[in-house]
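Here is a short report on one protein model.

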Amino acid sequence: MTPLSGGEAEQVNDSPVIAERLLDMIDAAKLTSVPKSKDFRSDKAMEWAQWSDSKLAVLLFPNITRSYAEAFEAFGYVQSVPHFSYVDKLSNQLVGSLAMWLFRTARPPGDVSDRSCLRQRSQAQGKIKKKYAIDDERAALRTALSHWLDEGLGGKPYAGGDAPHFGDVCVYGCLKAIDRTTAHKEIMSETPELRQWYERMAALVGKTHGRYAVE
């Protein structure tokens, strides 16, 4: 449940919808100037925000669950949950990563042969890859990020120009979500321009704790 105006609560689903609703509330409360708000929520910014959700985000799960080891690594965030005991952290990471891996490599219904399972893995490697027609998950991620660099940033410090817009924030959020993984390390080491943009975004978000857009 996401609290909204008037002290009431409304069910708001899906991260982009929640983010836009929060921006609406910021505008309604006049916490930022009209020109800044229009720049931050320009048509182009909203296009990139939608792209991050429909094109980039769907590539993340296949890229962080290519193996059980990578799934275990991705589920390592539970180690930072302060109220979990050591046993809770370890058991959640072991079971959670196993569930992620099994979901990714799930066999087609009614097909129990090892040969068919291996063929299924090589052709689709899981439900999400089949749904989005992803063949090579790492190649697909590199292609998507090249598109962001070429068409989004286009040589600018941010897609928004001298300052980030909503699209920058959404793409950064996607990549931040996998920052503990091998996939993240690989794409950052391979793409200096992307790493530099990511570090600029991290510096802003770290400095303002998410308040950049309303200051």
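## Starting point: Asp43

Asp43 lies in helix H3. Helices here are DSSP runs of H or I with at least four residues, strands are runs of E with at least two, and both are numbered from the N terminus. Asp43 is exposed, at 64% relative accessibility. The scale is simple: buried means under 20% relative accessible area, exposed means over 50%, and partly exposed is in between, using a 1.4 Å probe and protein chains only.

Gly167 is 124 residues away along the chain, yet the two C-alpha atoms are 10.0 Å apart in space.

## About the model

This is a predicted model, in which local features need pLDDT of at least 70 and side-chain atom pairs count only at pLDDT 80 or more, while totals for chains, interfaces and linings use all residues. Residues are numbered from 1 along each chain as its sequence is written, and side-chain values use heavy atoms, leaving out hydrogens and water.

## Overall layout

The protein has eleven helices and two strands. Along the sequence the order is β-β-α-α-α-α-α-α-α-α-α-α-α. The protein has 215 residues, and 36% of them count as buried.

Contact means heavy atoms within 4.5 Å. Take the contacts between residues at least 6 apart in sequence: 61% of them join residues at least 24 apart.

## H3 against H9

Helix H3 covers residues 43-64, and its axis comes within 7 Å of the axis of H9. The two cross at roughly 10 degrees. Axes are lines fitted to C-alpha atoms, for helices over the stretch in contact, and angles run from 0 to 180 degrees between N-to-C directions. H3 is therefore roughly parallel to H9. Angles under 35 degrees count as roughly parallel, over 145 as roughly antiparallel, 65 to 115 as roughly perpendicular, and the rest as oblique.

Which residues of H3 and H9 meet? From H3 come Ala45, Met46, Trp48, Ala49, Trp51, Ser52, Leu56, Ala57 and Leu60. From H9 come Phe166, Gly167, Cys170, Val171 and Cys174. This contact of H3 with H9 has twelve nonpolar residues, two polar and no charged. In this scheme Ala, Val, Leu, Ile, Met, Phe, Trp, Tyr, Cys and Pro are nonpolar; Asp, Glu, Lys and Arg are charged; the others, Gly among them, are polar.

## H3 against H8

H3 also packs with H8. Their axes come within 9 Å and cross at roughly 155 degrees. H3 and H8 are therefore roughly antiparallel. The crossing is left-handed, a term for a near helix turned anticlockwise from the far one by less than a right angle, with clockwise being right-handed.

H3 brings Trp48, Trp51, Leu56, Leu59, Leu60, Pro62 and Asn63 to this contact. H8 answers with residues including Glu137, Arg138, Leu141, Leu145 and Trp148. By class, the contact of H3 with H8 has eleven nonpolar, three polar and three charged residues.

## Leu60 in H3

Leu60 belongs to helix H3. Leu60 is buried, with a relative accessible area of 9%. Leaving aside residues up to four places away in sequence, Leu60 touches Leu141, Cys174 and Ile178. Ile178 is 118 residues from Leu60 along the chain, but their C-alpha atoms are separated by 7.6 Å.

## H8 against H9

Helix H8 (residues 137-153) packs with helix H9 (residues 166-176) at about 160 degrees, and their axes are 13 Å apart. H8 is therefore roughly antiparallel to H9. This crossing, too, is left-handed.

Leu145, Trp148 and Leu153 of H8 make the contact with Gly167, Asp168, Val171 and Leu175 of H9. The residues of this contact divide into five nonpolar, one polar and one charged.

## Inside H9: burial and cysteines

H9 is mostly covered, with eight of its eleven residues buried. They are Phe166, Gly167, Asp168, Cys170, Val171, Tyr172, Cys174 and Leu175.

How many disulfides are there? The count is zero, where a disulfide is a pair of cysteine sulfur atoms within 2.5 Å. The sulfur of Cys170 is 7.3 Å from its closest cysteine sulfur, in Cys174, and that is too far for a bond. Both cysteines are covered: Cys170 is buried at 18% relative accessible area, and Cys174 is buried at 11%.
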